[in-house]
Amino acid sequence: MTEMQPKSLALALQGGGAHGAFTWGVLDRLVEDERIAIDGISGASAGAVNAAVLATGLLAGGRDGARASLETLWRRVSGLTRFNPLNTGPVGRLARRLDREGAPSQIAIELLTRVFSPYQLNPFDINPLREILNELIDVEALRRAEALPLFIAATNVATGRVRIFENADLSVDTLLASACLPQLNQALRIDDSFYWDGGFAANPPLFPLIAQGRAADILIVQVEAPQREALPTSAAEIRNRLSQIVFNATLLREIDALAYMRQMCDSLLPTRNKLARRIRKLHLHSVDGGGAMTELSASSKLTPDRHFVERLRDLGRAQAEAWLARNFAALGERSTIDLGGDGVAAGSAS
């Protein structure tokens, strides 16, 4: 009997700080499934870090190596809360005092970051994530031809435009740039430009996977809740929903552009244009955490304690398992590119 060939799947990973542990769970489940072959990954912020660690692990130890590397990443990240400048020193003491006096932690953090910049909170630009990435990322290996294609987004501070770093450009600095929250971290200088978190400009980028990838199926792992049924009425709910809308806005614009391009391509006669053929064949899917992620506060992105990240990992695994059960058989069989109102790829994804 002929063994079935794995089905190719490209991944687009959103950023979201500690909420990226949900993506860890999704990746953990996908990588252990030998019916799936990952064709390439795009990512921003935590999605970029997940992507680079996964790709390094695959090269060093195959599927098991990738899963082990991701687990090491999040075990190490969950220990970083004690280094957060908002949790330690005089700033941390002030935040705790505000909290005791009735200001919720998120408000305390917002007040502090409105008054103090990272150039004051962290004048020596100490970023403990750098040490973790130096340990887990093999930059030279990721630049080899056999490495998984990666497309890492960062936002140019001067222009506001996205820059996509591909394998040949990858470094620990490009990953830190992609994950650079301007309220907490000093901008990263790469070449002659400064960069902030990639989620501001592309969260995650889709076009590089389409223009340079081969897989007809792209799975978007959404950390930011795609929709909220109940009207946010409290101050905290409004802040959280605004954050979700802002960090989903670039993704929705790319999807709308793809939908328009699909209409244009479908109206053309058969063409030899590679991009037009890719768009015609494109199957766009999504997986998200549903209501469990919708209710998380924006401030929880900054608190990656162990129990929290493990809970998000388990949620991600469960959502990926459900997505595979519903959609694996149809991968490559139908073509959809617009996300429906419930945050799923119409007719194809979870």
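Where is F200 found? F200 sits in the loop between β6 (193-197) and α9 (207-212). Helices and strands here are DSSP runs, numbered from the N terminus, with at least four residues of H or I for a helix and at least two of E for a strand.

Before I go on, a word on the model. This is a predicted model, in which local features need pLDDT of at least 70 and side-chain atom pairs count only at pLDDT 80 or more, while totals for chains, interfaces and linings use all residues. Residues are numbered from 1 along each chain as its sequence is written, and side-chain values use heavy atoms, with hydrogens and water left out.

Back to F200. At 33% relative accessibility, F200 counts as partly exposed; buried means under 20% relative accessible area, exposed over 50%, and partly exposed in between, with a 1.4 Å probe and protein chains only. F200 belongs to a nonpolar surface patch with V157, F194 and W196, and together the four have about 320 Å² of accessible area. Such areas come from the Shrake-Rupley method with a 1.4 Å probe, and for residues only the protein chains shown count as cover. Patches are made of residues with over 30% relative accessible area and no salt bridge, joining nonpolar side chains (Val, Leu, Ile, Met, Phe, Trp, Tyr) within 5 Å and like charges within 9 Å.

Now the interior. In soluble globular proteins, nonpolar side chains tend to be buried together. A nonpolar core is a set of buried Ala, Val, Leu, Ile, Met, Phe, Trp, Tyr and Cys residues joined through side-chain atoms within 4.5 Å. The largest one has 62 residues, and L11, I41 and L150 touch the most other members. Helix α2 (residues 46-77) gives the largest share of this core, 12 residues. A second, separate core has 17 residues, including L209, I218, A276 and L282.

Next, charges. How many salt bridges does a search of the whole structure find? The search finds 21, each being a side-chain nitrogen of Lys or Arg within 4 Å of a carboxyl oxygen of Asp or Glu.

I will take two that involve helix α6. R76 pairs with E131, with the closest N and O atoms 3.9 Å apart. R76 lies in helix α2 and E131 in helix α6 (residues 128-136), so this pair ties together parts 55 residues apart in sequence. R76 is partly exposed at 28%, and E131 is exposed at 56%. D173 forms a salt bridge with R130, at 2.8 Å between the closest N and O atoms. D173 is in helix α8 (residues 172-178) and R130 in helix α6, so parts 43 residues apart in sequence are tied together.

Which residue does E224 meet in a salt bridge? That residue is K301, at 2.5 Å from N to O. E224 is in the loop between β7 (217-222) and α10, and K301 in the loop between α12 (291-294) and α13 (306-327), 77 residues apart. E224 counts as buried at 4% relative accessibility, and K301 is buried at 15%.

S243, in helix α10 (residues 235-266), is in contact with both E224 and K301. The side chains of S243 and K301 are joined by a polar contact of 3.3 Å; that term means a pair of N or O atoms within 3.5 Å where, within protein, one must be able to donate a hydrogen and the other to accept it, and residues adjacent in sequence count only if both atoms are side-chain atoms. S243 counts as buried at 15% relative accessibility.

Key
Contact means heavy atoms within 4.5 Å. Lists of a residue's contacts leave out its neighbours within four places in sequence.
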